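Welcome! Take a moment to look over the sequence and the fold before reading on. The sections below walk through some of the contacts you can find there.

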Amino acid sequence: MHAYNSLKRSGFDAGAFIVGLILVLGALWSLLATGAPDAAMQGQAWLILGGFLVGIIMMVGRYAGGGVVIDPGEYNEDVVKAGVIASMVWAIAGLLVGVVIAAQLAVPMLNIEDWGFASFGRLRPLHTSAVIFAFGGNVLIATSFYVVQRTCRTRLVGGIWPWFVFWGYQFFIVIAATGYLAGITQGKEYAEPEWYADIWLTLVWVAYLVIFLGTLMKRKEPHIYVANWFYLAFIVTVAVLHVINNLAIPVDWFGSQSFILWSGVQDALTQWWYGHNAVGFFLTAGFLGIMYYFVPKRVNRPVYSYRLSIIHFWSLIFIYIWAGPHHLHYTALPEWAQTLGMTFSIMLWMPSWGGMINGLMTLSGAWDKLRTDPVVRMMVLAIAFYGMSTFEGPVMAIRAVNALSHYTEWTVGHVHSGALGWVGMISFSAIYCLVPWLWKRKGMYSKVLIDWHFYLATFGIIAYIAALWPAGIFQGLDWRSYTPDGFLEYSFVEVMQRMEPYYIIRTIGGLLYLSGALVMAYNVYRTIKGDGCEVDDSVQPQEGLTERSKGAVS
């Protein structure tokens, strides 16, 4: 991007007025909600009011002096930096809660029901939301803002709106998390936040979509790089999923409870249409956008196949959306709908492995970097887990296999092999790339610490899934065992008692993975601080990555 001779002052414009209006209206609503009939909502309302007041103070501080001076010829990297730091904070928080609830399963006395907020039932959704939406969501927002600017060769549009998206998303995470601890939940997997939090997230997400689309429309590069297609599909589809699955009627406009618009089997189908595509578009499509930018960038090679990236994108987008009903085998859902979900799940194996092959083959001519660069090792491991998880998932969607695996620890092992192996490792490797680029360092503070992180995380994943896969199979077999008289051979309690050693191993695996994240956080902190790192003032290549013929989807 060319440099401009003059700086530009960002004053109080229409966008800032709208943001300010949203904050004021939110503060008024939350003030009224402090008198809510349920005590849990009263506490939430005071917290929300405090958040809106902090936002108003930040707005006044920003514009009281006439706005902020920006250089239109430079990328907006400050919001990306904030996203990287937030990602690390939420990663540690989410993984820590995960270790706690794993320990509660291994040692039930740690599940302190009398405390309420410390019980497994409240901590479990806190863990899933923290690692998926807090950690994963911040990684996706930060990397998408970075990638779309670089590959479009234009500054992020929207003025204050990118900061509204960043801080608004953190606000949503805090509202949702504190709500879980207070017992406020819809009870829907991956969609636990109540109606007021859902409305706030919708506002934030629409702003995110408009910023991303606006930056694409302003691009100076004629082609749209393939990573941006995956990011865009993730943003658009998650918006549709979120709105439809969370359509609800509040019991009281200043209370915490609501009734979902859907009911019965329709609600179940809508929920798992949402739930599986939260995996498909939030945890897959978005992170494939990371793969398609950061892997070629790190190894300095073009994407292996332009055609394969197109096939991968369109087949994944069209097939994934139909796969949700495989979560509802042997339920009241009509059998034809179950079969449809199973069929499309099996079909997903092909495009998923096409993407895995494209990612791995991008290293052609650069495989030697596996010996010298631990970040590349992380990327390769992540892609390998993506391939393994997207093979195991279709197999588990087959009705006969699902009869054994469903409601067992096998499913938990499968989910975590994808979450820890694919999502976690590709996210960590992207952050390892971004930190030196954003803070202008020659490299990370310590390459040895990256190695330590890689091996701690790898052995943690292996311990986790090696324990839960056999544990799940044993559970499924035990629950299907009958005596000659036709009675169940094992009671539920007997089966769970057999799980104790596997739960202990799972907890150890989680501790190893958390330890790796803590090592990374220290490494990131020292790098940002500048300890032992040479300053690098060179500008990153503006064209993104590669030759247009292999690197873009038009």
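## A pair of charges to begin with

Let us start with Asp 267 and Lys 188, whose side chains meet in a salt bridge with an N to O distance of 2.9 Å. Asp 267 belongs to helix H8, while Lys 188 sits in the loop between H5 and H6, so the pair ties together parts that are 79 residues apart in sequence. Please keep in mind that this is a predicted model.

Is Lys 188 buried or exposed? Its relative accessibility is 6%, and because buried means under 20%, Lys 188 counts as buried.

Side chains of opposite charge can pair when their charged atoms come close. The count for this structure comes to 11 salt bridges. One of them joins the side chains of Arg 124 and Glu 189, at 2.8 Å from N to O. This pair, too, links distant parts of the chain: Arg 124 is in helix H4 and Glu 189 is in the loop between H5 and H6, 65 residues apart. Arg 124 is partly exposed, with a relative accessible area of 28%.

Another salt bridge is formed by Arg 377 and Asp 451, whose closest N and O atoms are 2.2 Å apart. Here the distant parts are helix H13 (residues 374-397), which holds Arg 377, and helix H16 (residues 447-479), which holds Asp 451; the two residues are 74 residues apart. Arg 377 is buried at 15% relative accessible area, whereas Asp 451 is partly exposed at 22%. There is also a network of salt bridges, and it links Glu 77, Arg 150 and Lys 440.

## The nonpolar core

Now turn to the nonpolar residues. The largest nonpolar core has 150 residues, and the members that touch the most others are Tyr 169, Phe 234, Phe 282, Phe 294, Trp 422 and Met 425. Which helix gives this core its largest share? Helix H4 (residues 120-152) does, with 16 residues. Apart from this core lies another one of 6 residues, including Ala 467, Ala 471, Met 499 and Tyr 502.

Leaving aside neighbours within four places in sequence, Phe 234 is in contact with Leu 140, Trp 205, Tyr 208, Phe 281, Phe 282, Ala 285 and Gly 286. Asn 138 counts as buried, at 1% relative accessibility. Not counting residues up to four places away in sequence, Asn 138 touches several others, among them Gly 83, Trp 90, Phe 133, Tyr 169 and Gln 170.

## Rings that meet

Aromatic pairs come next, and a search of the whole structure finds 44 of them. In the pair of Phe 133 and Phe 282, the ring centres are 5.1 Å apart and the planes are at 75 degrees, so the pair is edge-to-face. Phe 133 lies in helix H4 and Phe 282 in helix H8 (residues 264-299), so parts that are 149 residues apart in sequence are tied together. Both Phe 133 and Phe 282 are buried.

Phe 454 and Tyr 455 also form an edge-to-face pair, with 5.0 Å from centre to centre and 80 degrees between the planes. Phe 454 counts as buried at 9% relative accessibility, while Tyr 455 is partly exposed at 40%. Ring pairs also link Phe 133, Phe 145, Tyr 169, Phe 172, Trp 205, Tyr 208, Phe 234 and Phe 282 into a cluster.

## Two tyrosines in loops

Tyr 190 is not a glycine, yet it has a positive phi of about 65 degrees. You will find Tyr 190 in the loop between helix H5 (161-182) and helix H6 (195-217). Tyr 190 is buried, with a relative accessible area of 14%.

Tyr 407 also has a positive phi, near 70 degrees. Tyr 407 is found in the loop between helix H14 (399-405) and helix H15 (409-438). With a relative accessible area of 63%, Tyr 407 is exposed.

## A patch on the surface

Which residues make a nonpolar surface patch of about 670 Å²? They are Phe 12, Phe 17, Ile 18, Leu 21, Val 24, Leu 25 and Leu 28. Of these, Leu 21 lies in helix H1 (residues 14-33). Leu 21 counts as partly exposed, at 40% relative accessibility.

Definitions and conventions
Residues are numbered from 1 along each chain as its sequence is written. Side-chain values use heavy atoms; hydrogens and water are left out. A nonpolar core is a set of buried Ala, Val, Leu, Ile, Met, Phe, Trp, Tyr and Cys residues joined through side-chain atoms within 4.5 Å. Buried means under 20% relative accessible area, exposed over 50%, partly exposed in between (1.4 Å probe, protein chains only). Helices (H or I, at least four residues) and strands (E, at least two) are DSSP runs, numbered from the N terminus. Contact means heavy atoms within 4.5 Å. Patches are made of residues with over 30% relative accessible area and no salt bridge: like charges are joined within 9 Å, nonpolar side chains (Val, Leu, Ile, Met, Phe, Trp, Tyr) within 5 Å. Accessible areas come from the Shrake-Rupley method with a 1.4 Å probe; for residues, only the protein chains shown count as cover. A salt bridge is a side-chain nitrogen of Lys or Arg within 4 Å of a carboxyl oxygen of Asp or Glu. Rings of Phe, Tyr and Trp (its six-membered ring) pair if their centres lie within 6.5 Å; planes under 30 degrees apart count as stacked, over 60 as edge-to-face and the rest as tilted.
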